[in-house]
Amino acid sequence: MKRPLGYDVDDNAARFSNYFHVLRELVHFTNGWMPLEPSFERKYALGDHLHDDARALTKIKRRLYELRHPAEYPGSPSPELERLLDRMAQAESAQEYLSIAYTEAKPALVRAMRIHLDNLDPVADEPSLRLLTQIVERQERHTDRHGSFDADIGALPIRLREEPRELRILPPLDEPARDDFVEVTEQGDPYLGRELYVNGAENHVPIEPEEQRHFFHGLMDAELSAAELMARNSHEHPEMPWDFHTDMARQNWDEVRHAKLHDLLMKDQLGCEWGDYPVGFSYFKSIYAYDLLGRLCLFNGTSEQRAMWRHSHRRKKLMELGQERVALVFDYLLADEVPHVHNGVRWGTYLLGGSEQAYRDKVRELRASLDETGAPA
């Protein structure tokens, strides 16, 4: 079989630049709309896809650098591609955005990458071959649609001398959305006592089946709220370095996986399901009201840090009681909290001019306003 002639370096870089623009806006707007998508199953899928898309964009940025193309911002998209991006940006609901993202943008990416793979030189351009093979297979798992955007977006021109395309930021949240069968109340589940969330000897470990049902239902909602907070941290701050957005995407994915873990535990072991008890957003709202630095200090630097102790305490107590299946849930939760705390240190330090000491001082200052459960007083 005759080897394809392939693309020259400039054409190859232009194709990757177009992929960059589509993925950049998919990451940005999925972060913005995810908290307003009510379905837990779709939230879970979006956290997974968001993580895939952020990693794909990181690798595309690296490939653009290797191809001698401006890596941080590879020009501006063509008017034709901008029309697709504008439809995503102008969506007025989560449902409208997801329809465009999954029936137009992602299928267009798949089509263009398949054309790219069919025509590149597999030896001279093997790095692109390997990268695109990985990305396109993941994108195909995201959607089974063929799409309605007919153009090969990879072949569209890139305007290298235009101003960077600005990203629309959605209005601030009032509160996240939940499945319509989930009751949302101001106080949440009244069964859940404050002693569950206190660090120290007075922390109560749920042992009996009924309290475990309420506890893990509440914990599932807390994990969803954490994912939604990370999504909005990223969406509302496009000026932050790209590594910040990849860290937020990873933590978002971690949190929705934790929610899924609790969902499965409730169904398989505890005899209850998502929606059996009410939930509330008072803690989410109290943290979301802060600026980015405050959110990092209070959620990553305080809530996640204190949760590490409680997860370890709960795991030990439940193992001693022979409840191994329930105890092991906390094993990976504990492991995942460590990088989440580090996200606070890394990006809080960045926001304070590179001073980790200034970040730790700010954490101490804000912690002084919290009650014994870690909630703002």
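Predicted model: local features only at pLDDT ≥ 70, side-chain atom pairs only at ≥ 80, totals over all residues.
**Entry 1. The D52 pair**

I looked up D52 and found a salt bridge to R55, with the closest N and O atoms 2.6 Å apart. I count a salt bridge where a side-chain nitrogen of Lys or Arg lies within 4 Å of a carboxyl oxygen of Asp or Glu. Residues are numbered from 1 along each chain as its sequence is written, and side-chain values use heavy atoms, with hydrogens and water left out.

Both D52 and R55 belong to helix α2 (residues 40-66), where 3 residues, about one turn of the helix, separate them. Helices (H or I, at least four residues) and strands (E, at least two) are DSSP runs numbered from the N terminus. An α-helix has 3.6 residues a turn, so residues three or four places apart point the same way. I noted D52 as buried at 8% relative accessibility and R55 as partly exposed at 30%. My classes are buried under 20% relative accessible area, exposed over 50%, and partly exposed in between (1.4 Å probe, protein chains only).

**Entry 2. Further along α2**

I next checked R62 and E66, whose side chains form a salt bridge at 3.3 Å, N to O. This pair also lies in α2, 4 residues apart, about one turn of the helix. R62 is partly exposed at 48% relative accessible area, and E66 is partly exposed at 39%.

I then took the helix as a whole. α2 has 27 residues and reaches 39 Å from its first C-alpha to its last, close to the 39 Å expected at 1.5 Å a residue; the expected span is 1.5 Å times one less than the number of residues. At its start, a side-chain oxygen of S39 comes within 3.3 Å of the backbone nitrogen of E41. After α2 comes R68, with a positive phi near 65°.

Which elements does the salt bridge of R257 and D336 link? The two side chains meet at 3.6 Å, N to O. R257 sits in helix α7 (residues 242-270) and D336 in helix α10 (residues 324-351), 79 residues apart. I recorded R257 as partly exposed at 24% relative accessible area and D336 as buried at 11%. Elsewhere, salt bridges that share partners join E25, E82, D86, R159 and R165 into one network. The count of salt bridges comes to 33.

**Entry 3. Nonpolar cores**

I define a nonpolar core as a set of buried Ala, Val, Leu, Ile, Met, Phe, Trp, Tyr and Cys residues joined through side-chain atoms within 4.5 Å. The largest holds 51 residues, of which L26, I60 and Y97 touch the most other members. At least two residues of this core come from each of α1 (9-33), α2, α3 (79-89), α4 (94-119), α5 (126-142), α6 (209-235) and α7. α4 gives the most, with 13 residues.

What does I60 touch? Leaving aside residues up to four places away in sequence, I60 touches F16, Y19, F20, L23, M113, L131 and I135; contact means heavy atoms within 4.5 Å. A second, separate core has 24 residues, including V182, F216, W274 and L333.

**Entry 4. H217 in α6**

Is H217 buried or exposed? H217, in helix α6, is buried, at 1% relative accessibility. A polar atom of its side chain lies 2.9 Å from the backbone nitrogen of G275. Not counting residues up to four places away in sequence, H217 touches M266, E273, W274, G275, D276, Y277, P278 and V279.

P209 is also placed in α6, and is partly exposed at 45% relative accessibility.

**Entry 5. The whole chain**

I closed with the overall fold. The protein chain has 11 helices and 2 strands, in the order α-α-β-α-α-α-β-α-α-α-α-α-α from the N terminus. Its radius of gyration (over C-alpha atoms) is 23 Å, close to the 21 Å that the globule rule gives for 377 residues, so the chain is as compact as a globular protein of that length. That rule is 2.2 Å times the number of residues to the power 0.38. The C-alpha atoms fill a box of roughly 70 × 45 × 40 Å along the principal axes. Of the 377 residues, 56% count as buried. Among contacts between residues at least 6 apart in sequence, 81% join residues at least 24 apart.

Key. Polar contact = N/O pair within 3.5 Å; in protein donor to acceptor, adjacent residues only side chain to side chain.
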